[in-house]
Amino acid sequence: MSVPKALVDTSKSPHAELKNVGLDQVRWTTGFWSERRRQAAEVTLPHLWDRLADPEAGHVLQNLRIAAGLEEGEFRGVFWADAWMGKWLEAAAVLNGVANDEKLSRQMDQAIDLLAKVQAPDGYLASQTQADGLKRFQDPIRHELYTMGHLITAAIVHHRTTGKNAFLNLARRMGDFVHDTWAGEVPGHMVRFPFNPSIIMALVELYRETGQRKYLHAAKGFVDRRGSAPRKHGEYELHDWMGGDHCQDRVPLRQESEMTGHSVLSTYLYCGAADVFMETGEGALLAALKRIWRDYTERKMFINGGACAITRGLSNRGDPVHEAAGPEYFLPNALSYNETCAQIGVFMWAWRMLAAAPAAVYGDVMEQTLYSGILAGIGLDGKSWFYRNFLRWHGGERGPYTHDHKRYTCVRFQPGPQAICCPTNLLRLVGELHGYLYSTSEAGLWVHHYASATLSTRLADGAGIELRQETDYPWDGKVRITLETTPETPFSIKLRIPHWAAEAKLRVNGEKAGADVTPGTYTDIRRRWRKNDVIELLLPMQPRLLIAHPLVEELRNQVAVMRGPVLYCLESHDLPAGVPAREIRIPRDIEFEARYMPDILGGVTILEAAARRFSEGDWTDTLYKPLPEAPLEPVPVRLVPYYSWANRGVGEMTVWMPLC
């Protein structure tokens, strides 16, 4: 059994209660996630390389070659284009960990060699300034620390999966540069860096990889400075969102009590702060993160796990914000923003909270945003994407409220010079997902998520354990875990019981397990395990109607439908001709029939039932009119998983439907 090479390596983190297993210690076998990993490796990874290397579509490779002095030209695209290369390399390293494709290995080596040619002697690396000879750190919007953060993270993952040092050495030079630049007193204009704080996670992980404490010190410094110099209202800044809630800069993090501002910036900050806590044990950080978590999950979280309500507006404290968390209980449907990267940020934040302070709520939210939010961001073809995840679409390629913006269309986009972040973020998450299934602690093994895979790792005392998990989850609630190698001494296996699994059943070797099976907890089975022991978990998969808190005015008298961890939606493709989705009403006693259909939408379980239709009549040139006296008419409906919408052409879609 190998030494753990975890994605987030908490093996030596003194204040992490859970230790993450290695990326090489878990292997998909069959089923839902095995197929998605195959598609990521065979379809998405080469497609995104072709896009980044295309001088018109991506210009990422060209930017780096220009910055390295290998080509003539000017920088093109968004300032964060280097992160496309970083996240692609991270995903390639993980996906190649099993395939061991020599061609892909050479491709990575050549890309790393190019990055080395771009890197300045002092460690600085950012083609967005170097290609055009611009001065460094003149404007936070150039994302210099953000792109270096992703490159450092990619280098660490590459080192852990390949054992090669070239990329890690490059990352260490970047880390040295960042530490040296931000050590001691920071000039006033530098306090705003990094507003997009991937660098905090990267520096903590670089500390974990190298043992060099200066990287942790630099990461903590960025957390400490957040909110240390808020902009006075009316005070001039280079950008009106700097120094305020948009960048979580209005209030020092340790004093904060609400999720605010841009939802990628915020979740990346919370991830970094959780990493810092796990190394330092500073209680004020963890307390703040828990307060913010409660605000998010109890007042601002969409049913698909999204954390991003408003396109552009003001925070509760009056600061300009965009692509941001909204006021309490403001959770619109057609107006929802829910950037895919922000949903991934929630997932990563929850993972760190789970390690720092184990509780099933973090695993539950990971599952909720994974199946019902993150997966919606990528098309079933593996090479088309959503930047924004609506919960209702009124029809047409560009529906109401979109202002004709390409990111707001129901036609999935291709990454290019102006839309690059979500595709590679999705790619690396799918490639690394097996690393999120299990953890260990002094008590034993923790099972966070259910999927067909094998595990070969060591417990805290060094004893080896091997097991095989078999399931058709998320379509079937039956989970079977077979122990193949076990220690001689007793230990616990803790399984997450999802909050929705009110009638879950648990057996060991065919007998009742005798453990508490309470929804929203980890059940603890402690015993002297033996080879071929079998754990069987049965999670109820009956479709269920959900309602929202009464203060969510946009959702009053509406219901959403979930089955297991999967959120469902209604698309107009599945309605009789001429019946608009907005006229569908859901009886409170509706009975759905679940049926797995392998030949549609890549193989999904659909829900069918008899709903009602309320014919509203013609709305042309009309804003209000008398209530029609039309009766409710029976109409058959078919619901499909929300993540699969917009894969059959343009049409209407809704998650929330009026109750009747």
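Student: Which residues have the most contacts inside the largest nonpolar core?

Tutor: This is a predicted model. In it, M85, W88, W349, I535 and V655 have the most contacts inside that core. The core has 223 residues.

Student: Which helix gives the largest share of this core?

Tutor: Helix 12, residues 340-356. It supplies 13 residues.

Student: And what lies apart from that core?

Tutor: Another core, of 5 residues. F195, M242, C247 and L265 are among them.

Student: Back to W88. What is it in contact with, leaving aside neighbours within four places in sequence?

Tutor: L45, L48, W49 and L52 are in contact with W88.

Student: Helix 3 next. How many of its residues are buried?

Tutor: 16 of the 19 are buried, so helix 3 is largely enclosed by the rest of the structure.

Student: What span should helix 3 have, and how far apart are its ends?

Tutor: Helix 3 covers residues 81-99. At 1.5 Å a residue it should span 27 Å. Its end C-alpha atoms are 27 Å apart, which agrees.

Student: What comes just after helix 3?

Tutor: N100, with a positive phi of about 50°.

Student: Which residues of helix 4 are buried?

Tutor: L104, S105, Q107, M108, A111, I112, L114, L115 and V118.

Student: What about the span of helix 4?

Tutor: Helix 4 runs over residues 102-118. Its 17 residues should span 24 Å, and the end C-alpha atoms are 25 Å apart, which agrees.

Student: You mentioned helix 5. Is T129 there buried or exposed?

Tutor: Buried, at 1% relative accessibility. T129 sits in helix 5, residues 127-130. Not counting residues up to four places away in sequence, T129 touches Y124, L134, K135, R142 and E144.

Student: How do strand 1 and strand 6 pair?

Tutor: In the antiparallel sense, over 2 bridges. Strand 6 is residues 438-440. S439 in strand 6 is the bridge partner of N20.

Student: What joins strand 9 to strand 10?

Tutor: A hairpin, through 6 residues. Strand 9 (residues 464-471) and strand 10 (residues 478-485) run antiparallel, joined by 6 bridges. E466 stands opposite T485 in strand 10.

Student: How many bridges join strand 10 to strand 15?

Tutor: 5, and those two strands run antiparallel. Strand 15 is residues 534-538. I481 stands opposite I535 in strand 15. I535 is also one of the residues with the most contacts in the largest core.

Student: Cysteines now. How many disulfides?

Tutor: The count comes to 0.

Student: Are C341 and C421 buried or exposed?

Tutor: C341 is buried, with a relative accessible area of 3%. C421 counts as buried too, at 12%.

Student: Last one: where is V321?

Tutor: In strand 4, residues 320-324. V321 is buried, with a relative accessible area of 2%.

Student: How far apart are V321 and M242?

Tutor: They are 79 residues apart in sequence and 9.5 Å apart in space, C-alpha to C-alpha. M242 belongs to the core of 5 residues.

Student: What is V321 in contact with, beyond four places in sequence?

Tutor: D245, H246 and G261, then I310, T311, R312, G313, L314 and S315.

Notes. Residues are numbered from 1 along each chain as its sequence is written. This is a predicted model: local features need pLDDT of at least 70, side-chain atom pairs count only at pLDDT 80 or more; totals for chains, interfaces and linings use all residues. Side-chain values use heavy atoms; hydrogens and water are left out. A nonpolar core is a set of buried Ala, Val, Leu, Ile, Met, Phe, Trp, Tyr and Cys residues joined through side-chain atoms within 4.5 Å. Buried means under 20% relative accessible area, exposed over 50%, partly exposed in between (1.4 Å probe, protein chains only). Helices (H or I, at least four residues) and strands (E, at least two) are DSSP runs, numbered from the N terminus. Contact means heavy atoms within 4.5 Å. Two strands pair if DSSP finds at least two bridges between them. A disulfide is a pair of cysteine sulfur atoms within 2.5 Å. The expected span of a helix is 1.5 Å times one less than its number of residues.
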